[in-house]
Amino acid sequence: MADGGTSELIMLISGLMVAGIVTTLLIASWGGLANSVDTVQNQAEANSKTKAALTSDPMQVSWDQPSCNLSLHIQNTGALELLDGEIGIIVNGTASTVNQTRLLGNSSVWTSGEVAELQVCPSGVTMSAGQEITVTIVVRSEHYQGISGQYSFSEVIRLV
Amino acid sequence: MGGSVSISALIVGTALLGIFALASLSLSNSALSASEVVGGATDEPEIRLINASESNGVIHLNMTNAGDETISFDQTWLSIDGALPIRASDYHNQSTILFPGETLHIQLSGTGFTSPARIFVASMGGQSGISFS
């Protein structure tokens, strides 16, 4: 009887330990999965609220070869504030430098509806008036739920 | 023996039910967030310039909202002959919104342009351009 009680106790403790280990493992793996899904979800939400569009007349974009200056105007068309210091531009396949950024219309922050003027220099690229080129612009938003949204778009423009 | 096995099974079962509940809750939250993402995506406005003319330094425009979104003149920018974009509401203050299906005659004075050739409008992703007649 005593042997039966001891083995029963051992079985109970073993069962509890196995259950505890399995539960801990499952909860830990589920926690990791949930965090991963949350991060992806927040990123998708931040990206969906980040948007921009060209405000310059694409038929008449100013280009000055000697001073390497392409003037572009970009409107924040998303819901989040954009960071004017974190803009990426590719001009005809060449990564370009944004030399200067300023907001039009007395704005101090690049909120929805506001327009930023960019002075871009595609180093080493020779272009002329009348030429049609493709520009790709990448913008980044302020943090939304700890994550920054990104958006990119391409436009064909004609230089003057 | 039978009692301890039952207790163990009860504990394991309860733990698994708890995990299932957590999973369901998280999935439900995910679906909710996904629907918010889809619902939050707005369409671009469809703005159209019908015609444009200039007389004595005043620019006359007929503009229509061909889409389903309202268009705010605060978020509408005009570029004349490729120059620096100007905010429409800075020059036109008789109305602030162009409603879907609405066509407005807009007069812009004080822009400094005489005999312009082309005007381009951009508003929250919607674009339109036209030559002056």
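This is a predicted model: local features need pLDDT of at least 70, side-chain atom pairs count only at pLDDT 80 or more; totals for chains, interfaces and linings use all residues.

Trainee: How far apart do the C-alpha centres of domain 1 of chain A and domain 2 of chain A lie?

Mentor: The domain assignment of chain A gives residues 1–48 to domain 1 and residues 52–158 to domain 2. Between the C-alpha centres of these two domains of chain A the separation is 50 Å.

Trainee: Which three residues supply more than any other three of the area that domain 1 of chain A buries against domain 2 of chain A?

Mentor: The area buried between the two domains of chain A is about 570 Å², with 52% coming from carbon and sulfur atoms. On the side of domain 1 of chain A, 65% of the area buried against domain 2 is supplied by A:Asn42, A:Ala46 and A:Asn47.

Trainee: What is the distance between the closest N and O atoms in the salt bridge of B:Arg87 with A:Glu114?

Mentor: The contact between the chains takes 34 residues from chain B and 39 residues from chain A, and the two chains bury about 3,000 Å² between them, 62% of it on carbon and sulfur atoms. Between chain B and chain A there are three salt bridges, alongside six residue pairs in polar contact, both residues being at pLDDT 80 or more. In the salt bridge that B:Arg87 forms with A:Glu114, the closest N and O atoms are apart by 2.8 Å.

Trainee: Which residues line the largest cavity?

Mentor: A search of the whole structure finds one cavity of 30 Å³ or more, and the volume of the largest cavity is about 30 Å³. Chain A and chain B both contribute to its lining, which consists of A:Ala19, A:Val22, A:Thr23, A:Leu26, B:Val12, B:Ala15, B:Leu16 and B:Ile19.

Notes. Residues are numbered from 1 along each chain as its sequence is written. Chains are lettered from A and ligands numbered from 1 in the order in which they are written. Side-chain values use heavy atoms; hydrogens and water are left out. Domain bounds come from an automatic or database domain assignment. Buried area is the accessible area (1.4 Å probe) that two parts lose on being put together, summed over both. On a 1 Å grid over the protein atoms alone, a cavity is a set of points where a 1.4 Å probe fits but cannot get out, and a pocket is an open set with protein on both sides within 12 Å along at least five of seven lines; lining residues have an atom within 4 Å of a point. Grid points are joined across faces, edges and corners, and a volume is the space filled by probe spheres set on the points. Contact means heavy atoms within 4.5 Å. A salt bridge is a side-chain nitrogen of Lys or Arg within 4 Å of a carboxyl oxygen of Asp or Glu. A polar contact is a pair of N or O atoms within 3.5 Å; within protein, one must be able to donate a hydrogen and the other to accept it, and residues adjacent in sequence count only if both atoms are side-chain atoms.
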